Structures are given as structure tokens and as C-alpha cells.
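Me: Please walk me through helix packing and strand order in this model. Keep it brisk.

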Amino acid sequence: MNKNLQTTTLGGGCFWCTEAVFQEVKGVEKVISGYTGGIAPGKPTYREICSGLTGHAEVIQITFDANIISYEDVLVIFMTTHDPTTLNQQGADRGTQYRSVIYYHNELQQKIADEVLKQVQPYYDDKIVTEISPLAIFYEAEEEHQNYYRENTQQGYCSFVIAPKLTKLRKLHADKLK
């Protein structure tokens with residue numbers, strides 16, 4: 001068992017996008033798409049999440065080796081591969097389920113998240129609206145949402161929305177890629 005494995009939960013719009021980004025990052029062991037942060041009881045479905053009525057966000061839960069990539073670096077990649085200045089929206093995806101959010105798992109993660117947001121703010125013209133909240137219950141998304149980009153690269157959304165995010169990742173963070 002690797003004692004250096006850590007977990008973080010991030011929401012940056014559609015989980016298909018953030019999942020695809022972090023599957024390419026060196027030190028990331030596992031990425032699971034899911035939902036958290038809502039008020040509806042029980043495990044929500046994708047259809048319920050898309051309604052915007054449950055209060056959940058589409059998120060990914062990342063397990064990473066802190067000896068290879070730091071939590072701070074994970075957050076910098078996250079903050080630079082989506083737009084953290086748009087409230088409840090990423091591109092054409094709109095609604096609270098697409099909010100920019102960092103769900104921290106402990107007080108140290110909360111502190112680091114606060115610091116990273118301060119560090120990256122000068123690079124944006126608009127104010128960062130990324131929420132920093134304690135992790136609530138994480139629900140794993142349905143199987144068809146796992147590894148979505150890898151299994152559907154020719155699908156329109158993947159070509160027009162996810163592929164440009166991956167290009168940006170490769171340009172900004174080439175030294176952090178597998």
C-alpha cells in the first residue's frame with residue numbers, strides 16, 4: 001500500500017472534461033466521475049443531476065501519488081484547464097451542476113486550495129468564483145460516464161469541447177504529463 005496516495009474531489013463543469021484532463025497527468029493513479037454537494041437524499045442519477053434540482057455538482061475524484069505530483073500542482077492544473085471565473089457554467093454547459101468547485105478532504109487541503117486560488121487570480125481578468133467546500137458524500141457516476149473521452153473520442157462533444165482542453169493541458173503543463 002502506497003502511503004503517499006492522496007485523494008481530492010474537483011468539479012470544473014462536465015466531468016467528462018475534467019476526467020480526460022487528469023487521466024493524462026503523471027502521478028494520477030485513478031480518476032472516477034461522480035456527484036457530490038447536493039441536498040437530495042440517496043444516490044442521484046445522471047438524469048436527476050442534469051435537471052439541476054438535486055444541488056449536486058458533476059465532479060471527479062482523483063487518487064494521486066504525492067511523491068510524483070503535489071496537491072498544489074493538481075489544483076494549478078485544475079484551475080488552468082477550465083474557466084474558474086464563470087458561475088455555474090463551462091462553455092455551453094450551464095447550471096449549478098457545472099459549478100467550479102474544490103471539495104477538500106481535510107484542513108490542509110482547504111488551506112492549500114485557498115492559497116492556490118490567490119496565486120492564480122492575477123492570471124484572470126475576472127474574479128475567480130470557484131467554491132471551496134468540505135467534501136460531502138461522493139456518489140460514483142454510472143458506468144457509461146467513466147473513461148468517457150477515451151471510449152468516445154469521435155463523439156462531437158469530445159471533439160469540440162474536450163479535445164481543446166487537452167490541447168491546452170499539453171501546452172501549459174507538458175512537464176506534468178504521463
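Reply: Start with contact: heavy atoms within 4.5 Å. Helices (H or I, at least four residues) and strands (E, at least two) are DSSP runs, numbered from the N terminus. This is a predicted model, where local features need pLDDT of at least 70, side-chain atom pairs count only at pLDDT 80 or more, and totals for chains, interfaces and linings use all residues. Residues are numbered from 1 along each chain as its sequence is written, and side-chain values use heavy atoms, with hydrogens and water left out.

Me: Which residues of α1 and α6 meet?

Reply: From α1 come W16, C17, A20 and V21. From α6 come Y157, V161, I162, K165, L166 and L169. Sort them by class: Ala, Val, Leu, Ile, Met, Phe, Trp, Tyr, Cys and Pro are nonpolar; Asp, Glu, Lys and Arg are charged; the others, Gly among them, are polar. The contact of α1 with α6 then has nine nonpolar, no polar and one charged residues.

Me: At what angle do α1 and α6 pack?

Reply: Axes are lines fitted to C-alpha atoms, for helices over the stretch in contact, and angles run from 0 to 180 degrees between N-to-C directions. For α1 and α6 (residues 156–172) the angle is about 40°, with the axes 10 Å apart. Under 35 degrees counts as roughly parallel, over 145 as roughly antiparallel, 65 to 115 as roughly perpendicular, and the rest as oblique. α1 and α6 are therefore oblique to each other.

Me: Is the crossing of α1 and α6 left-handed or right-handed?

Reply: Look at the near helix. Turned anticlockwise from the far one by less than a right angle, it gives a left-handed crossing; clockwise, a right-handed one. α1 and α6 cross right-handed.

Me: How do α1 and α3 pack?

Reply: Helix α1 (residues 15–22) meets helix α3 (residues 71–80) at about 130°, with axes 11 Å apart. That makes α1 oblique to α3. The crossing is right-handed. T18, V21 and F22 of α1 touch V74, I77 and F78 of α3. By class, this contact of α1 with α3 has five nonpolar, one polar and no charged residues.

Me: Is T18 buried or exposed?

Reply: Buried means under 20% relative accessible area, exposed over 50%, partly exposed in between (1.4 Å probe, protein chains only). T18 has 6%, so T18 is buried. Beyond its neighbours within four places in sequence, T18 contacts G12, I60 and F78.

Me: How many residues of α3 are buried?

Reply: Seven of its 10, so α3 is mostly covered. They are Y71, V74, L75, I77, F78, M79 and T80. These buried residues pack against β1, α1, β3, β6, α4 (107–120) and α6. α3 also lies across β1 (5–12), β3 and β6 (100–104), at about 15° to β1.

Me: What is the strand order in the open sheet?

Reply: Two strands pair if DSSP finds at least two bridges between them. The six strands run β7-β6-β1-β3-β2-β8, with mixed pairing. β7 (131–134) and β8 (139–140) each have a single partner strand, so one side of each lacks a neighbour in the sheet. K30 has T63 as its bridge partner in β3.

Me: What does I60 touch?

Reply: I60 lies in β3. Its relative accessible area is 0%, so I60 is buried. Setting aside residues up to four places away in sequence, I60 touches T8, T9, L10, F15, T18, E19, F22, V31, I32 and S33.
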